Amino acid sequence: MNFSQQELEWLGHLDALRVTIALALLALGVVISILIRKVVFRGLIRFVPRGLAVIISRIIYYALVIIFAISAFSYMGIDLTGFVIAGGIIGVILGFALQSVTANFMSSLFLFWERPLKPGDFIEIDGTLGRVVDINIMSTRIMDLNGVMIRIPNEKVFRSTIKNYTSTVARAIEFTIGIAYREDAERAYEIIKSVLEEHPFVLAEPKPDVFVYELGNSSVNIKVRAWVPSRLWFPVMKELLWKIKKALTRRV
């Protein structure tokens, strides 16, 4: 094997002590990197999903190992400037190539930090209405009212207006009931109030509100507003409409 004059000169200047110190520095760096990775993982696992915590802690680990490796080689007198420049160029190229992936990944970090939604929440994003099934590092999956699974990139979720219908304990039900002019509107008012008061999931506070909303062309329109537990909003709304309809048909 033939060595160039420059390589021979470098080998001549390389002594055992310097190599030993450099290897010790690298080994210490690896140990420190492992410890930091574990600390970061344990800190993140409390706030973000396990998969995301693993990825972030590994990125930090490899970045630290590279830094310690460069320091060790530099201590031995090896010039890594060319490698650093080449790595920077490759990083820029990959950054452009993986721009969408990076945007989704960074958006997932902000979503996990801000927590505007979580699995199980009933939400609306850009007209898509459904229940959140899963949130991962690249996308959010929602099952709509027809049972269709919809995948939305996290970048779009982060930039969209999110309506979270289950983020609060209670939510208002509001609908309008039309009463013919010939019917007893006062009696209808009392019947509606009675149905609301008897329902076990209609909250006493805030109090239900029933009032004449509009005098239409062919009916007196009565607005009904009641507060119910957010997670029972849809079944309670259906039940109230049916019970009010039956009660009005029977008594008015």
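## Residue classes and the model

Ala, Val, Leu, Ile, Met, Phe, Trp, Tyr, Cys and Pro count as nonpolar, Asp, Glu, Lys and Arg as charged, and the others, Gly among them, as polar. These classes are used below for the lining of the largest pocket. The model is predicted.

## Overall structure

The protein has 252 residues, of which 29% count as buried. Its secondary structure is made up of eight helices and eight strands. Among contacts between residues at least 6 apart in sequence, 63% join residues at least 24 apart.

## Largest pocket

A probe the size of a water molecule, rolled over the atoms, shows where empty space is left. The largest pocket has a volume of about 230 Å³.

Its lining consists of seven nonpolar, two polar and three charged residues. Strand β2 (128-135) and helix α8 (233-251) each supply at least two lining residues. The largest share, three residues, comes from α8.

## Helix α7

Helix α7 covers residues 185-198, 14 residues in total. From its first C-alpha to its last it reaches 20 Å, close to the 20 Å expected at 1.5 Å a residue. At the N-terminal end, α7 is capped by Asp184, which has a side-chain oxygen 3.2 Å from the backbone nitrogen of Glu186.

Which residues of α7 are buried? They are Ala188, Ile191, Ile192, Lys193, Val195 and Leu196.

Key: Residues are numbered from 1 along each chain as its sequence is written. This is a predicted model: local features need pLDDT of at least 70, side-chain atom pairs count only at pLDDT 80 or more; totals for chains, interfaces and linings use all residues. Side-chain values use heavy atoms; hydrogens and water are left out. Helices (H or I, at least four residues) and strands (E, at least two) are DSSP runs, numbered from the N terminus. The expected span of a helix is 1.5 Å times one less than its number of residues. Buried means under 20% relative accessible area, exposed over 50%, partly exposed in between (1.4 Å probe, protein chains only). A polar contact is a pair of N or O atoms within 3.5 Å; within protein, one must be able to donate a hydrogen and the other to accept it, and residues adjacent in sequence count only if both atoms are side-chain atoms. On a 1 Å grid over the protein atoms alone, a cavity is a set of points where a 1.4 Å probe fits but cannot get out, and a pocket is an open set with protein on both sides within 12 Å along at least five of seven lines; lining residues have an atom within 4 Å of a point. Grid points are joined across faces, edges and corners, and a volume is the space filled by probe spheres set on the points. Contact means heavy atoms within 4.5 Å.
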